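Biologist: I have not worked with this one before. Could you put it on screen and take me through it?

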Amino acid sequence: MNWKKFFIAFIAAFVFIFVFGFLWYGKFMHDIHNEVPVLWRTEADFGSHLPWLVLGHVVMAFFLTMLYACFVPTGGAAAGAKLGILVALVYAGADLITFAVQPLTTKILCGWIVGDLIQFAIAGAMIGAIYKPRSPTTT
Amino acid sequence: MKRFVIAFIAAFIFIFFWGWLYNGVLLKDVFAQAQSLFRPREEIMGLFHWIAIGQAGLALSFVMIYASGFAGGGIAAGVRLGIMLEILAVSARCTIYATQPFPAKLLVLVSIGGFIEMIVTGVIVGAIYKPKSNA
């Protein structure tokens, strides 16, 4: 494992996921989410739970990078994007289950699935572009 | 391809029954404590096919990731993939906890069930799927 490149890829993925999440889920989907206000914490309550949001994004970026490092150590951006899309499909499966049990609108469901696909495809591509395994030492 | 399909079907069947047993039966009372965040039971039954489709998508994605990068690694690699994917799911639950008023106990119990589900799915997929040998 090339830990220096791993760390840089993880930080880049975290920054992207955090900013994208804020823009997509927090801004772009704000009014769509508010069609079902009963589901969400109040602004003040959300503020006091913000560390959980940051922690979630840190863990998400770290293990996406870890998955890439184990999965496609020499693959590059395209392979990273492919991994990201496959991970997004896992999330999409969970989104469909959530839709069946929680009173989400179809607009929220579609927004989450599209958001997952964009977020993980780009984050995966960034990780793939940055992370390179340590090259074997030649004698 | 044949083993891919068998691994997918076996994983889907396990995820379906584990989801029913753990979330539908064992955690029934815990879910009832957050009833306001869920659809009424009759409504959930009307949308039940989305649960099955979601679980099939999850099983398919798992096998596709395994077949793309972990093939040949056997059960240990399947378990490793399962643990990593469940940690990613836990990270999503942290963001859900920040935005939705779920009781922490519920999310912890769902995550414990998720780890069991993904580890066993990894065992099933790792035991069944074998890449086509080049020889």
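Biologist: Leaving aside its neighbours within four places in sequence, which residues is P103(A) in contact with?

Modeller: This is a predicted model, to begin with. In it, P103(A) is in contact with V36(A) and R39(B), once neighbours within four places in sequence are left aside.

Biologist: Where is P103(A) found?

Modeller: In the loop between helix 5 and helix 6 of chain A.

Biologist: And what is the C-alpha separation of P103(A) and L39(A)?

Modeller: Their C-alpha atoms are separated by 8.1 Å, while along the chain the two residues are 64 apart.

Biologist: Let's step back. How many helices and strands does chain A have?

Modeller: Six helices and zero strands. Read along the sequence, the pattern of chain A is α-α-α-α-α-α. The C-alpha trace of chain A spans about 65 × 30 × 20 Å along its principal axes.

Biologist: What about chain B, how many helices and strands there?

Modeller: Chain B has six helices and zero strands, and its pattern along the sequence reads α-α-α-α-α-α. Taken along the principal axes, its C-alpha atoms fill a box of roughly 60 × 30 × 20 Å.

Biologist: What percentage of the residues in chain B is buried?

Modeller: In chain B, 35% of the 135 residues are buried. For chain A, 40% of its 139 residues count as buried.

Biologist: Which contacts in chain A join residues at least 24 apart?

Modeller: I can give you a share: 86% of the contacts between residues at least 6 apart in sequence. In chain B, residues 24 or more positions apart account for 86% of the contacts with a separation of 6 or more.

Biologist: Now the two chains together. How many residues of chain B are in contact with chain A?

Modeller: 34 residues of chain B, and they are in contact with 36 residues of chain A. On the chain B side, the elements giving two or more residues are helix 4 (48–70) and helix 5. By class, that side has 23 nonpolar, ten polar and one charged residues.

Biologist: Which residues touch the most other members of the largest nonpolar core?

Modeller: A13(A), L64(A), A11(B), F62(B) and V63(B), out of 65 residues in that core. Among the elements that each supply at least two residues are helix 1 (3–28) of chain A and helix 1 (2–26) of chain B. Helix 5 of chain A gives the largest share, 16 residues.

Biologist: Take A11(B). What is it in contact with, leaving aside neighbours within four places in sequence?

Modeller: A11(B) is in contact with A59(B), F62(B), V63(B), T121(B), I124(B) and V125(B).

Biologist: On to helix packing. At what angle do helix 5 and helix 6 of chain B pack?

Modeller: At about 155 degrees, with the axes of helix 5 (residues 74–99) and helix 6 (residues 104–128) of chain B 7 Å apart. Angles over 145 degrees count as roughly antiparallel, and the two helices of chain B are therefore roughly antiparallel to each other. Their crossing is right-handed. The contact of helix 5 with helix 6 has 17 nonpolar, eight polar and two charged residues.

Biologist: And in chain A, how do the axes of helix 4 and helix 5 cross, at what angle?

Modeller: At roughly 125 degrees, with the axes coming within 11 Å. That makes helix 4 of chain A oblique to helix 5 of chain A. The crossing of this pair in chain A is right-handed.

Biologist: Which residues of helix 4 and helix 5 of chain A meet?

Modeller: L64(A), L67(A), Y68(A) and F71(A) in helix 4 meet G80(A), L83(A) and V87(A) in helix 5. The residues of that contact divide into six nonpolar, one polar and no charged.

Key
Residues are numbered from 1 along each chain as its sequence is written. Chains are lettered from A and ligands numbered from 1 in the order in which they are written. This is a predicted model: local features need pLDDT of at least 70, side-chain atom pairs count only at pLDDT 80 or more; totals for chains, interfaces and linings use all residues. Axes are lines fitted to C-alpha atoms, for helices over the stretch in contact, and angles run from 0 to 180 degrees between N-to-C directions. Helices (H or I, at least four residues) and strands (E, at least two) are DSSP runs, numbered from the N terminus. Angles under 35 degrees count as roughly parallel, over 145 as roughly antiparallel, 65 to 115 as roughly perpendicular and the rest as oblique. A crossing is left-handed if the near helix is turned anticlockwise from the far one by less than a right angle, and right-handed if clockwise. Ala, Val, Leu, Ile, Met, Phe, Trp, Tyr, Cys and Pro count as nonpolar, Asp, Glu, Lys and Arg as charged, and the others, Gly among them, as polar. Two residues are in contact if their C-beta atoms, placed from the backbone, lie within 7 Å. A nonpolar core is a set of buried Ala, Val, Leu, Ile, Met, Phe, Trp, Tyr and Cys residues joined through C-beta atoms within 7 Å. A residue is buried if 20 or more other C-beta atoms lie within 10 Å of its own, exposed if 12 or fewer, and partly exposed in between; C-beta atoms are placed from the backbone.
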